[in-house]
Amino acid sequence: MEHPTILCPSASVGEETALELLSVFSHTPQKSIVLKCNVMLAITNVIICTSCLNTHTKTAEDWLDLCGLSQQPIRATACDCLREMETCSPGLLSQKLEALYLLKQQETTVLHQSYCLLYTLGLKNAIRILTNQKDVTDLEFKSILGGNEGFAWKSNQLELTSLPINMLVQVPRLTQGLDCKELKSIMSLLLEESYLLMPISQSALLRELVEVVAMVPGLSRTLFKSQLLRLFGTADVSLMHATLFMKDTFTDSLFTTVDENFLLKRLVGMAQHPLLRITEKLFYMECILHFPENRPISSSGEESLPVLVTPRRAAFLHPTVFNDSATMLCRLNLLCLVHLEANEGEADKGIGFLFDHIMALLKIVDNDGSREVVVTSLRALFIFLMHFSGMEELSEKLIDKLCDMYSRHSRLAPNLIDPVWSVKLLRGLQKRIMEMPPLQLTIHNLSWHLKVLKRVAKEGQITQRNTIYLLLNVLINSNLCERGNWQVGNAVLAVYRNLLDHPSIDQVFIELADLLQYISIQYDDTDIKDHARIYYTLLTNLSWEKLTGVLAKRLDGGRAKERSHSAIMAESEEIAKSVEATGEVRNWLEVYQGQFQTPGFGSEVTLRYNLTHAKETDPLFDKVFTICLHFELKDSNYAKVTDIHVPCVFRDRKSPEVKVKLKPFQPYPTSLCVSAMFTMQDGRSWHSRLPDVSVSFPEIFLPLPLPPNSSRECREQVFERIWEATASGNSDKSAISLFCFKPEDKSLADLIKTHFQGYLITDQQSERSWKVLLFLPPKCHILLKITQAEDAAQVSIATDNRELLPFPVSCRVSSALLKEKSTKALNN
Amino acid sequence: MSIRALWVVSHEKGESGKVRFSRRFPTVEFRAKSLAGTQYVAVPEDRVIPQLLLTELGLVDPDKPYVEVRDDCARQHRSLAVELRLDGPGGRTLWPVLTVTQGVLILACLPLVEAPPEPRPPLPSLASVSQGLALLLGLQDFLCGPGGKPEPDVLASRLAALPAVLLQVCPLGRPLDTPPPAGSVPAAVAPSPGGAQKQPAWKAGVHRGRAVVSVALTEKVRSMQYGKSSQQDIWDVYGMVMCKCEVEGVLPNVIVTLTLPHNGSPLQDILVHPCVTSLDASLLTACSVDENDGSAFSGPYKFPFSPPLELFRLCSYTSQVPVPPILGSYKLKAEENHLKVNVVLKLHESVKNSFEYCNAHIPFFNQNLMGNVEVKVSSGQLEVSKEKNLLVWVLGQKFPKSREATLEGTVHFSGTVAGPTDPLCSGLTAYVKLYFRVPDLTLSGCCVDQHSVQVYSSAKPRIVTTRELVSSEYYIWNSTGDAPVSSGLMVL
């Protein structure tokens with residue numbers, strides 16, 4: 001029913017299926033009405049969606065027969081099915097109008113609605129087809145109303161789906177001077193009976209009738225006059241909408257200036273009517289902004305205010321703090337337009353009022369309004385500034401207010417660095433941060449300030465000297481460097497990354513260099529030190545043009561989408577991307593993450609050892625039995641290891657394999673104390689201590705735990721998603737790092753093959769780039785993007801557990817790479 | 001005039017959304033594909049819908065202060081339609097998705113865009129929008145019922161009935177009708193007698209049995225009183241007439257007439273039920289949007305209609321009455337660790353002094369919980385709420401003879417536990433909220449005379465008419481503090 005093309009991919013299968021279903025239908029007992037109706041819907045869906053409507057004539061005939069004689073619900077369904085067929089194949093019923101008219105006339109039960117709608121649609125489409133024809137004669141015109149031939153399967157077809165007339169540049173019209181008497185009486189009757197239809201269906205009927213009248217010059221628009229008052233007063237949204245459609249189509253040929261004025265007043269009234277629901281009111285506000293005026297000044301399809309909506313009329317639509325957010329924003333937007341159009345005196349007053357409203361909102365934000373209030377208020381402010389940005393004085397006041405608020409609530413930082421705000425605000429924020437007493441710069445709000453400064457540093461028009469002084473001051477006069485918080489360090493470096501790109505860098509060159517050097521020496525975190533050093537090197541060795549070139553390349557990603565080279569890459573706002581996702585991508589990541597719901601999934605590393613005799617031991621121990629190996633942990637990073645039992649070990653036989661299953665809580669290197677209990681041939685038991693088993697970092701690497709048949713695409717997507725999530729800096733624990741080295745004797749490809757064969761996600765040798773994912777139980781990842789640049793290899797490392805970074809730093813991910821590491825500067 | 005898909009999504013606090021019901025309409029999708037051509041965007045699978053919807057509605061990650069996709073300013077969220085960003089920012093979008101939220105339920109549908117997709121057509125130019133909206137609003141009534149908060153098992157059973165309902169009202173994506181409101185008991189009807197008279201589609205059969213017509217008029221009064229010369233007090237009244245007509249015949253005629261007292265102010269913004277057969281132009285002329293010039297039509301208001309079987313809202317109106325029924329003053333002063341409170345309520349002489357109930361709530365926000373309360377009232381009783389953050393002044397059924405009641409005293413906030421917060425009510429910004437109901441009264445003076453109800457039917461029906469006045473959003477703000485302005489009326 002809902003996805004017919006999945007089971008019926010082609011027209012022929014569709015046709016077969018429809019026939020099968022038809023036989024099901026005819027064999028279904030009379031009393032199973034609901035089933036019968038559903039089968040009819042299914043057949044209709046299959047026929048239309050597999051495009052075999054044109055070849056499969058029988059169904060429509062069957063449905064039409066059912067319309068004539070059967071139980072009520074089945075007749076209703078048959079009508080709906082035919083109506084859908086006619087919609088998807090306009091003109092299908094164009095030669096059956098007489099029969100449909102008779103059916104409609106005979107029906108006096110509630111079903112006449114269905115017949116009425118079916119007939120009207122058929123009539124409209126038949127006339128639309130005639131408009132394509134030149135010089136229609138009276139006879140031809142008459143014959144459509146009296147048509148009772150076959151189904152018009154192929155002839156006279158309109159396009160598969162024709163647009164309603166309000167979407168057409170030119171309304172198709174029939175030839176002038178046709179005899180419309182009969183059609184007119186049919187139309188009058190339809191209109192008269194429209195009252196008997198459900199409001200939604202009534203509105204559909206009215207729209208069809210409007211289209212007919214618009215296409216037939218011989219029909220007068222005044223046909224609708226009798227209905228207008230009833231429609232003007234209606235509380236039903238679809239009927240009111242149909243009335244507006246009528247207004248749009250006929251403008252002043254049906255609606256006088258008085259009518260227009262009246263209708264608009266009604267709309268404004270309804271847009272704030274206490275008894276209508278919020279969504280209805282929002283809809284009416286949209287209708288006001290797209291009101292079909294008789295004399296429109298512009299018709300661009302953009303929002304525009306009808307001339308008749310004056311400040312006085314719109315007074316009740318003023319936004320208030322009590323409105324829900326959509327209503328408030330919608331009203332604000334409308335009122336901004338009203339006051340933009342108003343004459344001066346009135347406008348000033350009105351704008352003043354809107355300004356007060358904005359200030360009231362900001363006051364609520366200032367009083368610790370909820371997140372929704374913050375977002376809504378700032379959106380309101382944005383709408384206001386969009387319309388009145390020319391009014392310097394106002395915008396300055398507002399910016400001042402925002403800066404004040406920021407001084408008190410630094411958590412607003414992400415909202416205030418939204419790209420919609422002007423440079424002025426950023427300049428103001430920078431100033432506020434500078435003016436803050438040092439005591440107010442706690443670690444917590446410092447991270448917000450750094451976020452703001454990072455954004456400020458992107459603005460070429462804002463001088464950055466103050467930012468640098470502040471940072472220098474903070475770093476030197478606090479214990480930040482000793483604390484060596486990686487995240488703060490990274491946030492500081494993120495500001496620098498943007499500063500390096502700043503056009504006025506020359507003016508602050510020395511200070512900047514000082515600072516970088518200070519960090520590279522004093523900051524108690526190796527990664528941060530390294531990066532500060534890289535920046536320092538870049539700053540002191542490259543011209544600004546080159547420097548921006550290098551940085552720009554990093555930002556834009558280039559081939560390898562090098563999005564997150566730690567601080568080189570500004571910590572990008574990719575949070576969004578990790579939250580949002582296409583269905584496909586989310587799917588794989590979800591599949592992947594879903595696996596972890598299974599208890600114990602991916603939580604173990606199995607290490608294999610051979611249990612052998614030490615080289616020189618007493619022959620007495622050549623044969624030992626029932627050995628029990630017992631393991632003691634030296635730290636708390638692993639779960640207790642269960643004892644292992646081995647039946648026997650003989651010196652002259654193959655040594656048995658022992659599988660030690662480790663369950664890490666934290667995947668760090670460790671070592672285990674091992675002891676053994678065993679029995680001798682003579683029955684005596686011994687206890688002995690074995691050499692410690694040391695578990696190195698690479699030994700706990702596992703390949704990405706996905707089902708074995710997962711496609712490469714799936715692996716890649718999971719890799720990318722984890723990378724993005726890590727790069728987003730969203731989590732406290734994630735980290736990104738970069739290092740470069742020169743492979744000496746072996747080629748990079750070989751190195752990777754030797755050390756990462758089992759962990760490769762992609763291997764694009766032709767493009768000289770590789771992606772490697774190391775999974776560490778219970779749920780940590782180290783991701784590598786390795787690219788071969790001209791004379792060095794670049795390795796970007798991302799991890800969702802930055803505690804792991806010291807390990808790759810010390811063992812450089814694999815001992816092999818460590819050996820190769822010789823240079824550690826960017827290859828310029 | 002069709003919808004492509006329909007969803008019912010629930011989102012409990014702290015949980016991700018769940019699709020409780022969904023329906024695709026393949027033939028409409030078929031049309032959507034041909035209309036949009038290369039710009040066609042398929043409807044995604046159900047499992048991605050909740051997240052996309054919740055993001056647009058600002059309901060994801062409630063514990064994160066800022067999430068760009070949810071909170072950025074460039075997206076203005078001032079329309080009834082949202083777009084779902086299928087591939088994140090900058091990617092394909094599904095538009096226009098109409099949504100209606102009630103409690104934990106989000107109802108959404110995707111109307112067919114019968115227009116070239118680019119540039120994006122205005123919503124009002126699309127016929128499917130109001131049809132989809134009407135369907136959603138009907139669905140809301142069907143699922144949530146009059147209380148708005150159905151019990152989980154009730155909701156589940158209503159959801160289970162939805163396929164059968166859609167088979168009736170929207171079998172192929174084209175809404176024919178709206179779902180029946182929940183709890184509406186199908187009237188005992190006899191099948192249509194047949195004959196030449198066509199049966200209205202909105203009336204399943206005819207009534208048999210005793211003829212009764214009941215007409216209930218409810219007026220609600222809202223007010224914002226500031227007690228300041230700089231801020232004008234405002235109040236307004238809106239009313240609705242609910243009818244239930246058990247009258248024989250396929251299309252019986254009934255006329256209900258509303259009358260106003262001499263020089264009563266005219267009823268404005270009259271909206272009528274689709275079953276009203278004709279309207280006089282003069283009824284519709286008065287509109288709150290325009291200034292009253294005194295010459296406006298002031299009744300009698302005749303509504304000829306042919307009633308459906310169920311209870312329905314015949315018409316609604318707004319009215320501007322000269323005085324609020326209760327005029328209040330609220331004075332709050334902060335002294336050391338306590339607040340001095342003074343509230344005076346005056347019942348206007350034109351209002352009948354006979355309430356079903358009348359309570360004044362005096363909440364305290366952004367304070368510690370109340371300790372000692374030394375407050376005296378001249379009439380009624382005072383209660384301190386269990387939560388220790390609210391005074392409830394129960395005025396009872398009558399104001400004293402003087403029609404004036406006062407509350408005076410001090411409230412200490414000695415507790416150490418912080419009470420509820422409200423960003424609006426900081427400092428001395430505070431209000432008293434009134435709740436009252438007066439039976440057999442309307443402020444506008446509007447009434448339905450029992451004898452004016454005309455029924456053209458074979459049997460003479462019993463006619464019942466009632467009226468009442470109920471408060472709604474009736475605030476009296478502390479005059480010594482800043483009160484949030486609530487209306488653009490001040491501009492005038």
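## A loop residue in chain B

B:R403 sits in the loop of chain B that runs between β19 (390-394) and β20 (404-412). Helices (H or I, at least four residues) and strands (E, at least two) are DSSP runs, numbered from the N terminus. Although B:R403 is not a glycine, its phi is positive, at about 60 degrees. Its relative accessibility is 22%, so B:R403 counts as partly exposed; buried means under 20% relative accessible area, exposed over 50%, and partly exposed in between (1.4 Å probe, protein chains only).

## How to read the model

This is a predicted model, in which local features need pLDDT of at least 70 and side-chain atom pairs count only at pLDDT 80 or more, while totals for chains, interfaces and linings use all residues. Residues are numbered from 1 along each chain as its sequence is written, chains are lettered from A and ligands numbered from 1 in the order in which they are written, and side-chain values use heavy atoms, with hydrogens and water left out.

## The two chains overall

Chain A contains 34 helices and 11 strands, whereas chain B has 6 helices and 24 strands. Of the 828 residues in chain A, 57% are buried; for the 492 residues of chain B the buried share is 57%. The accessible surface of chain A is about 35,000 Å², with 52% belonging to carbon and sulfur atoms. Chain B exposes about 20,100 Å², and carbon and sulfur atoms supply 52% of that. These areas come from the Shrake-Rupley method with a 1.4 Å probe; for residues, only the protein chains shown count as cover.

Contact means heavy atoms within 4.5 Å. Taking contacts between residues at least 6 apart in sequence, 70% of those in chain A join residues at least 24 apart, and in chain B the figure is 73%. The C-alpha atoms of chain B fill a box of roughly 70 × 65 × 45 Å along the principal axes.

## Where chain B meets chain A

B:R174 lies in the loop between α5 (152-169) and β6 (189-190) of chain B. With 6% relative accessibility, B:R174 counts as buried. Its side chain makes a polar contact of 3.2 Å with that of A:E84; the term covers a pair of N or O atoms within 3.5 Å, where, within protein, one must be able to donate a hydrogen and the other to accept it, and residues adjacent in sequence count only if both atoms are side-chain atoms. Beyond neighbours within four places in sequence, the contacts of B:R174 include A:R83, A:T87, B:M1 and B:R31.

In helix α6 (residues 97-106) of chain A, the buried residues are A:L97, A:A99, A:L100, A:L103 and A:K104. They cover an arc of only 160 degrees around the axis, so they lie on the same side of α6(A); the arc is that of the directions from the helix axis to the C-beta atoms.

A:G122 belongs to helix α7 (residues 112-131) of chain A and, at 0% relative accessibility, counts as buried. Apart from neighbours within four places in sequence, A:G122 is in contact with A:E86 and A:L97.

## Backbone details to check

The peptide bond from A:P777 to A:P778 is cis, with omega near 5 degrees, and A:P778 is placed in the loop between β9 (769-776) and β10 (780-788) of chain A. Another cis bond runs from B:W95 to B:P96, with omega near -10 degrees; B:P96 is in strand β4 (residues 93-102) of chain B.
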